[in-house]
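Here is a short report for a reader meeting this structure for the first time. Look at the model first, then read on.

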Amino acid sequence: MVDADINPARFGWQGAYLGVSAGYAWLKDVDNSFTPPLPDKGEDWNAGAYGGYLAQFGNFVAGAEVEANRLDIDYEFLSFITVKSSYVVKARAGYAFDRFLVSGHAGGVYAATNFMGLKDWGWEAGAGIDYALTDNVTLGAQYSHYGFNNFDGTAIDAKIDLVSARVGYKF
């Protein structure tokens, strides 16, 4: 017989974590130095690594994360330009449903290209869902949007969208 007053322990999301990700990214760009403006785009697979810390307050979860991505997105029209990498620092906040965590994130992103040393900071926002397979191993999916205005002092306004699958280890 099971006592109705006994609750099994809920999963705790609090703690440090590290992981890897893989996915796909799309770039949309408008160079406003031309009349009419010159649009361009590109897309490619991406891979990355991430780490962070989450604190849990009841079902509410909040924390910070850093993420590095290898993008290699070649422009279609200006094919000599490649967006090589991105580095993200972001805040995360979400709601835990035992082993499921639904969260949003926002922060800053630094992206680098192979062309004339062009690199710059932009903004980042997105959402994700994670599931704890075990007490230490998590699986997840994440969407992120990067925005850049006047990239590295140019008239380029770029936007990058990423969709990634993630596997993590919670300490």
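Ile 129 sits in strand S6, which spans residues 119-132. Strands here are DSSP runs of E with at least two residues, numbered from the N terminus. The model is predicted: local features need pLDDT of at least 70, side-chain atom pairs count only at pLDDT 80 or more, and totals for chains, interfaces and linings use all residues. Residues are numbered from 1 along each chain as its sequence is written, and side-chain values use heavy atoms, with hydrogens and water left out.

Buried means under 20% relative accessible area, exposed means over 50%, and partly exposed lies in between (1.4 Å probe, protein chains only).

## The nonpolar patch

Strands S4 (82-97) and S5 (100-113) each give the patch at least two residues.

## The barrel

Eight strands close into a barrel, in the order S1-S2-S3-S4-S5-S6-S7-S8, with antiparallel pairing. From one strand to the next, the twist averages 20 degrees. Strands pair if DSSP finds at least two bridges between them.

S2 (residues 38-57) and S3 (residues 60-74) are antiparallel and share 11 bridges. Gly 52 has Glu 65 in S3 as its bridge partner. S1 and S8 (residues 156-170) run antiparallel, joined by 15 bridges. There, Asp 31 partners Ile 156 in S8. S7 (residues 137-148) also runs antiparallel to S8, with 12 bridges. Thr 138 stands opposite Gly 168 in S8.

## Aromatic pairs

How many aromatic pairs does the whole structure hold? The search finds 10. Rings of Phe, Tyr and Trp (its six-membered ring) pair if their centres lie within 6.5 Å; planes under 30 degrees apart are stacked, over 60 edge-to-face, the rest tilted.

Phe 11 and Trp 13 pair edge-to-face, at 5.0 Å centre to centre and 80 degrees between the planes. Both are buried. Tyr 17 and Tyr 50 form a tilted pair, because their planes stand at 55 degrees, with centres 6.1 Å apart. Tyr 17 lies in S1 (residues 15-31) and Tyr 50 in S2, so this pair ties together parts 33 residues apart in sequence. Tyr 17 and Tyr 50 are buried too. Tyr 24, Trp 26 and Trp 45 make up one aromatic cluster.

Notes
Helices (H or I, at least four residues) and strands (E, at least two) are DSSP runs, numbered from the N terminus. Axes are lines fitted to C-alpha atoms, for helices over the stretch in contact, and angles run from 0 to 180 degrees between N-to-C directions.
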